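Please go through them with the coordinates open.

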Amino acid sequence: MTTQSFLLFATFLLVLLVLAYPMGIYLAKVGDAAPIRGLGWLSKIENFLYRIAGISNTNINTSGMSWKTYAIALLVFNTLGTLFVYTVQRLQVWLPLNPQVFGNISPDSAFNTAVSFVSNTNWQGYSGESSMSYLTQMLALTGQNFFSAATGMAVVFALIRGFSMRSSQSIGNFWVDITRSTLYVLLPLSTIFAVFLMSQGVIQNFSSYKEVTLLDPVTYTQTKNDAKGNPVTETLIARTQTLAMGPVASQEAIKMLGTNGGGFFNANSAHPYENPTPLTNFFQMLSIFLIPAGLCFAFGRMVGDMRQGWAVLAAMTMIFVVMTTVVLIAEQQAHPTLQALGVDQTASALQSGGNMEGKETRFGISASALFAAVTTAASCGAVNAMHDSFMPLGGMVPLVLMQFGEVIFGGVGSGLYGMLIFAILAVFIAGLMIGRTPEYLGKKIQAYEIKMASIAILVTPILVLAGTAIAVMVEPGKAGIANPGAHGFSEILYAFSSAANNNGSAFAGLSANTSFYNILLSIAMWFGRFAMIVPILAVAGSLAAKKRLNATAGTMPTHGLMFIGLLIGVVVLVGVLNYVPALALGPVVEHLQLFK
C-alpha cells in the first residue's frame, strides 16, 4: 500500500469515528421516541402523519405492535411503494416535469426498477439521463431512497428493543419508527448534504438538456451500409455535445446517506455532475458509513451498555480494514497485459502507477479503490470507477464484501441487524462449546431464535448461487455475457451477489437489461430484502417476550476481544464459505490466468 493510500484510509476512518459517536447518541433519541432539541417544529408534521396512521400523538410510546403486526405493516407499506414506483414509470410520458419527453419504461424494466428502489438495492438496468423524467427521478426514485432507508432503520430499532425490553409483546410501532427516521434523520441530513454538494458543483435544476459547442471538435468513424447493402466507413466530425440537466443534488444526498446508490446519471458517481471533486468524493464516502456506524453506538446506548456498540463496531472495522487493504494493494499493481503492450499506466498526479483502467483521473487509484470498498461494504450501489476493470483480486474484494451479507457496516439499519444475527449465532456456538445455555444481553438464545437466524443467514447465499447457476445454464442468461470465461462468470456472480444482498452496484460487461435478468434479479432483490427482515422481526418479538437475566460469573462477556474475535470468525466462516467454490471459478481463476 502506498503512503497516499494509507493516509487517505486512515483519515477516512478517523473522521468517521469522530462523527459516528454523536450521530449514535442522536439516533438513540430517535429510536427511543425522545424529543429532539432544535427540531421541535417538525412535531406538527410528525403528529399529522400519526393521525393519518391512526396513532394518537399522546401515546406513541405505548402504541406498540407485535412482531407479526409490525411485519405486516412493513410489507404492505413496501408493496404499495413498489406499485407506486412501477405506475409512475409506466405513465411518465403523460406526467409533468418531462422536458425531454421520455417515453414510458417497458414493463419488465419498470418492475425491476420498482423492486430495486423499494428494497434499498437501487440496481439500475437503465440509463437515467436518457430514460427517466425529472418527476420519475424525484417523486418515485428519490422518494423510495428515503423510505427504503427508513425501513431498514425501523427494523433495527425493533430488534434492539427486543434485547432491551423486559417481557413485552411489543417491539415498537412501524409507523412511528419510519416517520421519525425520515423526519428527524434522513430529511435534515440530506438537506444539509445536498446544499454542500451544490456548493461543490453538483447541479440542481429543472432545465432542458443543453446543446453546447465543443472547444475541440471530435473526429470519428462509423460503419454503415451503402445503397447496395455493402458496409462502408465514413468519417464524421462532432462539433456539439448534449449536456444532461436535472435535480441531481437532492437525489445524490439521500443516495449516499441512505446507502441507496441509484445514480441520476448512468455513469453514477463517476459523473462530474454527481461527484465533481476529490472533496465531494471523500464526503460521499463518509456519508455512506455515517448512519451505519452511528447505529452501532445507538445500539449500545439503547441496550444500556455502550461497550456492546463498541464491540460490534470493532468487528465491522477490523474486517473492513483487512478487505480494503487487499483492494488498495491490488489496484496499485501495474496491469500485466497493458504493461506488456508498453502502455503508460501513470496518468494522473493523484496516483503513481498501478491499474488506472476504468478510473477517473480526478480521483486516482486510492480514492477509487477505497470508494469501491466502502460502497460494497455498505449496501450502497454507487460507483466512481468500473469494477469490471479492477484487477482480478481487486474486483474480488467488492464481491466478497457483498457476500458477507452486507454486515460490514452494511446498509442503513440492515448492516447492524445483520451483524446482530451473526452475534446471536456466535453466542450460541460459544454456548455449545462450554455446555451452557447461551445468552446475549441478558436474553436466552434458544432453538426458535437460532432457526430464525439460520433462515436470515441462508436466504442470500441460496438466492445468489441458485440465480447464478440458472443464468449460466440457460441461453437467455448466457446471451448477456460480453466476456466469456472466468471474467464473464464473475460478472454474473457479481450481479446476483449485488441483487440478493441489496447492494445494487454492477460489475459491468453484463447486458442485464433483458426480460430474463430483469425478472430474475427482481426476485433476488425482493426476497434478499424481505425474506431476511421477517425472520429478524420474529427474533425481535421472541426476545422482547423474554425476561432479561442478570449477568452471573458464568455469563460470557460480549464486549471484550474474545467475543470480537469469535464474532469475526463466525461472520467469515458462515458468511463467505458458501461462496468459495464460486469465487474459485471466477476471480481466482482469472487471477491465475492473468499472472501465469
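Predicted model: local features only at pLDDT ≥ 70, side-chain atom pairs only at ≥ 80, totals over all residues.

1. The surroundings of Asn501, leaving aside neighbours within four places in sequence, comprise contacts with Ser379, Met402, Gln403, Gly405, Glu406, Thr460, Val464 and Tyr579. A polar atom of the Asn501 side chain lies 2.9 Å from the backbone oxygen of Ser497, while the C-alpha atoms of Asn501 and Val459, 42 residues apart along the chain, are separated by 9.5 Å.

2. The structure contains nine salt bridges, and one of them joins the side chains of Asp177 and Arg161 at 2.6 Å, N to O. This pair links distant parts of the chain, with Asp177 in helix α6 (residues 174–199) and Arg161 in helix α5 (residues 134–164), 16 residues apart. Asp177 is buried at 4% relative accessible area, and Arg161 is likewise buried at 9%.

3. Asp305 and Arg307 also form a salt bridge, their closest N and O atoms being 3.0 Å apart; here Asp305 is buried, at 17% relative accessible area, whereas Arg307 is partly exposed, at 46%.

4. In the salt bridge between Glu475 and Lys478 the closest N and O atoms are 3.3 Å apart, and the two residues are separated by about one helical turn because they stand three residues apart in helix α15 (residues 475–478). Glu475 is exposed, with a relative accessible area of 56%, and Lys478 is partly exposed, at 35%.

Terms used. Residues numbered from 1 in each chain as written. Heavy atoms only, no water. Contact = heavy atoms within 4.5 Å. Polar contact = N/O pair within 3.5 Å; in protein donor to acceptor, adjacent residues only side chain to side chain. Salt bridge = Lys/Arg side-chain N within 4 Å of Asp/Glu carboxyl O. Helix = DSSP H or I, 4+ residues; strand = E, 2+ residues; numbered from the N terminus. Buried < 20%, exposed > 50% of the residue type's maximum accessible area, 1.4 Å probe, protein only.
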